Amino acid sequence: DAEVVWAEAEGAYAGVQMRRTVLWREPYFLDLFRVRCASPRQLDWVFRFRGRRAGAVAGTVLQEALCGDGYGHIADACALEARSPLQLGWRWPGGGVELFLPDAGDAARILGTAPHNPSSETTDILLRRRRGHDALFVALFHPFRGDGPSVRRVTALPGAGPEALALAVDTDSAREVWLLGASPSLADSPVPGADRVYRYPL
């Protein structure tokens, strides 16, 4: 695992603390991004990727331009279903990446395109939006080469308790379960059907 914490005393991020934790397992990694603020505000998680989008994505085209620093450059924006798990994929020659959003805590998800470098080229951009003073954005990334992805499904499991999250990661060869948080209900919980179980405090 690896962890980085940011905090600033002045400017747009005054009173905001951001903590990113990356938990790596072959062939994927979990990205846990925690944001805490002194008072409620808009919180956006942003992901950009350059590659050919795999498959069609169901969404509603936004009729108005997005507001905010740099957001006016986002084109072809559409709103995705925000209250259910989401899987997106991108491909490039010889491989690709799958992105899984297993939790349903987003208030909005917006997918569009944005200028790359050089600006004549574009990348996909995904925004996850929430409002509050404490948010945990969870994502699983599965980069792969060769024939295709080996992570098939990522599911949030019930019964984790408050301030906790349980995820099942189904690959071609195993079911791995992550118990994230300090909830007593996760401390020594048996996990039927799991080939491997990992516990990590949030």
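Mentor: Start with F141, which counts as buried at 8% relative accessibility. Buried means under 20% relative accessible area, exposed over 50%, partly exposed in between, with a 1.4 Å probe and protein chains only. A caution: this is a predicted model, where local features need pLDDT of at least 70, side-chain atom pairs count only at pLDDT 80 or more, and totals for chains, interfaces and linings use all residues. Residues are numbered from 1 along each chain as its sequence is written, and side-chain values use heavy atoms, with hydrogens and water left out.

Trainee: How many aromatic pairs does the structure hold?
Mentor: It holds 8. Rings of Phe, Tyr and Trp (its six-membered ring) pair if their centres lie within 6.5 Å; planes under 30 degrees apart count as stacked, over 60 as edge-to-face and the rest as tilted. F47 and F141 form a tilted pair, 5.2 Å centre to centre with 55 degrees between the planes.

Trainee: Which strands do F47 and F141 lie in?
Mentor: F47 is in β3 and F141 in β10, so the pair ties together parts 94 residues apart in sequence. Strands (E, at least two residues) are DSSP runs, numbered from the N terminus.

Trainee: And F47, buried or exposed?
Mentor: Buried, with a relative accessible area of 13%. Then take F49 and W92: their ring centres are 5.6 Å apart and their planes at 35 degrees, so that pair is tilted. F49 sits in β3 and W92 in β7, 43 residues apart. F49 is buried at 17%, while W92 is partly exposed at 32%.

Trainee: Which residues do ring pairs link into a cluster?
Mentor: F29, W45, F47, F49, W90, W92 and F141.

Trainee: New topic. How many residues has the largest nonpolar core?
Mentor: It has 23. Such a core is a set of buried Ala, Val, Leu, Ile, Met, Phe, Trp, Tyr and Cys residues joined through side-chain atoms within 4.5 Å. Those with the most contacts inside it include V35, W45, F47 and W90.

Trainee: Which element gives the most to this core?
Mentor: β3, with 7 residues. Apart from this core lies another, of 17 residues, among them L32 and W178.

Trainee: What about charges over rings?
Mentor: A charge sits over a ring if NZ of Lys or CZ of Arg is within 6 Å of the ring centre and within 35 degrees of the ring normal. R128 lies over the face of W45, 5.0 Å from the ring centre. R130 has its charged end over the ring of F137, 4.5 Å from the centre.

Note on methods:
Helix = DSSP H or I, 4+ residues; strand = E, 2+ residues; numbered from the N terminus.
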